[in-house]
Amino acid sequence: MKKWLSLLLILSVALLGACSSETGKNADAKDAGSDYPNKQIELVVPYAPGGASDMVSRTVGSYLEEDLGVPVVTNNKTGGTGAVGMSYVEGKNADGYTVGYVPVEMAMLSALGFADIEPSKFDLLGRAIVIPAAITVPADAPYNTIEEFIQYAKDNPGKVRVGNSGTGSIWHIAAAGLAEETGAKMKYVPFEGAAPAVAALLGGHIEAVSVSPSEVKASVDGGDLKILAVMSKDRDKTFPDVPTLIESGIDLEIAAWGGFVVPKGTPEDIKAKLEESVKGAVGSEEFQKLADERGLNASHLSAEEFTKFADEQYKFFGDLIPKMELK
């Protein structure tokens, strides 16, 4: 009997100790969450420096750094039409110390068969921008309208090389969509981001780019390039004299968008803090100035709204892309 009583006493003490230890762990976890953030945050951009994604991310990162009180370091992880950077974010710890910029390609890569990436793989924080595709050519190109450009491409099948931000990127889809809609034949040249594509156009290595107005604005303002058309429903406010495809009789709208995410499973209190900070960043004077100067369209959506929007886009591109000729 004494042996059994001793054994029960030992087990009781062990059980109480385990409960106490677990309670302590939960308390420590709770304290860690309430103390967030207390170290550097990594902001991952899946494209090269200099493009719209990079500019937006760095501006938002600067605001987050000031708002949250910790360093926010931008990390450009290029490759795979954004897949490399987004996959990197997906695989990081869900602790709030890795934030990723996600472009529209997040909703496209699965349909393209490039990577198993989709909105449901992340916790979304908020949308920041929506920007239309635009067809831009050298200022001295022999065509001054989108109609003349398309006719030239038809008369010279395969000779018009159109640069984009990567195979399967939204800007690739934009050019392929234009070709499909008009019957023109073009070659698509991928780059690791819009900035290198624009540099190639300026260097005379390609005939056009199908990127955003913001990514060619400096060269258009400098007189080196000209925009023939934008692929939005309405004219772009930065270039009000440039017609839309719809005005030119081409019923096609293709736009990019971008926002911010964290790895799936990030604690709710941390997500709420980051969501509020992203919202503040997009509404900040600095971001609005960037949008105005660079031809971006600031367009914030909350985490819930952004999630619904991204899911709808995922379904849209899932239906559209298989029908397109992308080579």
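A contact here means heavy atoms within 4.5 Å. With that in hand, start from the whole chain. Among contacts with a separation of 6 or more, 78% join residues 24 or more positions apart. The model is a predicted one.

**Stop 1: the whole chain**

Colour by secondary structure. The protein chain has eleven helices and eleven strands. Now colour by burial. Of the 327 residues, 51% are buried.

**Stop 2: the six-stranded sheet**

Select E2, E1, E3, E10, E4 and E11. In that order they form an open sheet of six strands, and the pairing is mixed. Go to the edges next. They are strand E2, residues 72-76, and strand E11, residues 298-301; each pairs on one side only. Turn the view to follow the twist, which averages 20° from one strand to the next.

Zoom in on strand E3, residues 98-103. How many of its six residues are buried? Six of the six are, and the strand is mostly covered. In a regular strand the side chains alternate between the two faces of the sheet. Show the side chains of E3 and check each face. Thr 98, Gly 100 and Val 102 lie on one side, and Val 99, Tyr 101 and Pro 103 on the other. Both faces are covered, and these residues are all buried.

Now look at the neighbours of E3. Strand E1 (residues 41-45) pairs with E3 in the parallel sense, over three bridges. Pick Glu 42: it stands opposite Thr 98 in E3. Then move to E10. E3 and E10 pair in the antiparallel sense over four bridges. Which residue in E10 is the bridge partner of Tyr 101? The partner is Phe 260.

Step on from E10 to E4. These two strands run antiparallel and are joined by nine bridges. Select Pro 132 and you will find Ala 255 of E10 opposite.

**Stop 3: the largest pocket**

The largest pocket has a volume of about 410 Å³. Its lining counts 22 residues; Val 130, Ser 232, Glu 253, Ile 254 and Ala 255 lie nearest the centre. Strand E4 (122-132), strand E10 (255-263) and helix H11 (303-320) are the elements that give two or more residues to this lining. Which of them gives the largest share? H11 does, with five residues. Colour the lining by class: 13 residues are nonpolar, three polar and six charged.

**Stop 4: the largest cavity**

Rolling a probe the size of a water molecule over the atoms shows where empty space is left. The structure holds one cavity of 30 Å³ or more. The largest cavity has a volume of about 190 Å³. Around it, 21 residues form the lining, and those nearest its centre are Tyr 47, Ala 52, Ser 53, Trp 171 and Glu 215. Two or more lining residues come from each of helix H2 (52-68), E3, E4, helix H6 (170-182), H7 and E10. By class, the cavity lining divides into 13 nonpolar, five polar and three charged residues.

**Stop 5**

Focus on E5, residues 134-138. E5 and E9 run antiparallel, with five bridges between them. Click Val 137: Lys 226 in E9 stands opposite.

**Stop 6: Tyr 188**

Is Tyr 188 buried or exposed? Its relative accessible area is 15%, and buried means under 20%, so Tyr 188 is buried. Last, draw a C-alpha to C-alpha distance from Tyr 188 to His 172. The two are 16 residues apart in sequence and 7.0 Å apart in space.

Notes: Residues numbered from 1 in each chain as written. Predicted model: local features only at pLDDT ≥ 70, side-chain atom pairs only at ≥ 80, totals over all residues. Heavy atoms only, no water. Pairing = 2+ DSSP bridges. 1 Å grid on protein atoms, 1.4 Å probe; cavity = no way out; pocket = protein on both sides within 12 Å on 5 of 7 lines; lining within 4 Å. Points joined across faces, edges and corners; volume = space filled by probe spheres on them. Nonpolar A, V, L, I, M, F, W, Y, C, P; charged D, E, K, R; others polar. Buried < 20%, exposed > 50% of the residue type's maximum accessible area, 1.4 Å probe, protein only. Axes fitted to C-alpha atoms, helices over the stretch in contact; angles between N-to-C directions.
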